[in-house]
Each structure stands twice: as structure tokens, then as C-alpha cells.
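Thanks, everyone. Let me walk you through one model today. Please have a look at it first.

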Amino acid sequence: YRSLGKWQEAEAEALKAKELLQKSGDREILLATIGELGQIAKRLSQIDDAIRYTQEGYSLALDLGSIREQAAFKADEAQLSLAAGDLDKAEKAARLSGELSRSIRDQRSDLKTHGLLTQCLTKKGDLAGAEAYARTGVEQARALGERFEEASFLVDLANVASSRKDHAAAL
């Protein structure tokens, strides 16, 4: 259903699968199903449900000892909380995602959290913090050969400069 854009049907089937997986005890596939439910909820603009699924997924990933999945669920929670306007929750989730990513040396996931923190801190008005994350993001993106991410962080730096009314630096 998902590939056909039938999101309500996809959600109904994923909920059935979740229930069966909870009964069967297959927790790793359950973890993936919870992730799918979060993505479906996001597509349906059910942000509170999507956040709840990220928290549920994080908890299960913690039980399973999957640091990579913990980091991914926290990054998703940060992104969704940012979209919902809960900047403190977004910042907390992004910071934890970054710590987890660094603990397993996942540079690309850590790079993603730099972007989330840059956005969050910009919205909170912490322009110095946002600039620091964006500058580090530029450096990391260059080192990883991630040109699109590098450009994105350069745009973030321009936005920070613009927020400071430093239009010359924004250019």
C-alpha cells in the first residue's frame, strides 16, 4: 500500500503486523515495523503519533542494544519535534542522537545531528551555537565528500548571518 500512496491502508496493515509481532516476540522485525509506522504517521501529518513511535522505537532499540537504531530514532524524534515547534525536545533528542552516533563512529549520522542542532539553535536564537554546529558540519561534510550536505551547511551559515543582520556575510 505504501508504494501506491495508500497511507491509511498501509497504516492499518502495519498496525496489524505490529500486534502480531508483539505476540510472536520477534523484536527486531517489530523494531522495523515501529519505524515504518512512524514514517507513515509522518506522511499522514500525524506528528504526535510519529513522535510517539520514535520514542517507542528508541525504547525497544535500547532493550535490544542497537545503538545505531537508537541514534536513528532519536534523530527522527528531533526532526519531528523541530517540525512541531518543540525546540527543547528537539535539541535534547538531537544531542543524544549525536552522542550515540559518535559512540559507534557513524560520521554520517553525526553529520545529520549537526544539521538538526543548527536548525534548532537558529530557531531558539542561539546563533553562536548554531554557527558552531554549521561550521563543524561544513568541515565534516567536506571530509566525507558529502557535497550536498556541505552546501546545506553553507546555506545554514548564511541564514545565521542573515539572522544577525550581517547581510554581507550571508552572501
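Ground rules first. This is a predicted model, where local features need pLDDT of at least 70, side-chain atom pairs count only at pLDDT 80 or more, and totals for chains, interfaces and linings use all residues. Residues are numbered from 1 along each chain as its sequence is written, and side-chain values use heavy atoms, with hydrogens and water left out.

Now the layout. The protein chain has nine helices and zero strands. Helices here are DSSP runs of H or I with at least four residues, strands are E runs of at least two, and numbering starts at the N terminus. So the pattern along the sequence reads α-α-α-α-α-α-α-α-α. The C-alpha trace spans about 60 × 30 × 30 Å along its principal axes. Of the 171 residues, 42% are buried. Buried means under 20% relative accessible area, exposed means over 50%, and partly exposed lies in between, with a 1.4 Å probe and protein chains only. Contact means heavy atoms within 4.5 Å. Take the contacts with a separation of 6 or more: 52% of them join residues 24 or more positions apart.

Next, the cores. A nonpolar core is a set of buried Ala, Val, Leu, Ile, Met, Phe, Trp, Tyr and Cys residues joined through side-chain atoms within 4.5 Å. The largest one has 21 residues. L30, L31, I34, I40, Y53, L60 and F73 have the most contacts inside it. Helix 1 (7-24), helix 2 (27-43), helix 3 (47-64) and helix 4 (67-84) each supply at least two of its residues. There is also a second, separate core of seven residues, including L111, V138, A141 and L144. In general, nonpolar side chains tend to be buried together in soluble globular proteins.

What does L31 contact, leaving aside neighbours within four places in sequence? G57, L60, A61, L64, E69 and F73.

K18 sits in helix 1. Is K18 buried or exposed? Buried, with a relative accessible area of 11%. Its side chain makes a polar contact of 2.9 Å with the side chain of E56. A polar contact is a pair of N or O atoms within 3.5 Å; within protein, one must be able to donate a hydrogen and the other to accept it, and residues adjacent in sequence count only if both atoms are side-chain atoms. Not counting residues up to four places away in sequence, K18 touches L30, T33, I34, L37, Y53 and E56.

E19 is in helix 1 too. E19 is partly exposed, at 45% relative accessible area.

On to a helix pair. The axes of helix 6 (residues 107-124) and helix 7 (residues 127-144) come within 8 Å and cross at roughly 155 degrees. Axes are lines fitted to C-alpha atoms, for helices over the stretch in contact, and angles run from 0 to 180 degrees between N-to-C directions. The two helices are therefore roughly antiparallel. That label takes angles over 145; under 35 is roughly parallel, 65 to 115 roughly perpendicular, and the rest oblique.

Last residue. H114 lies in helix 6. H114 counts as buried, at 7% relative accessibility. Among the residues H114 touches are Y133, T136, G137 and Q140, which belong to helix 7's side of the helix 6 and helix 7 contact.
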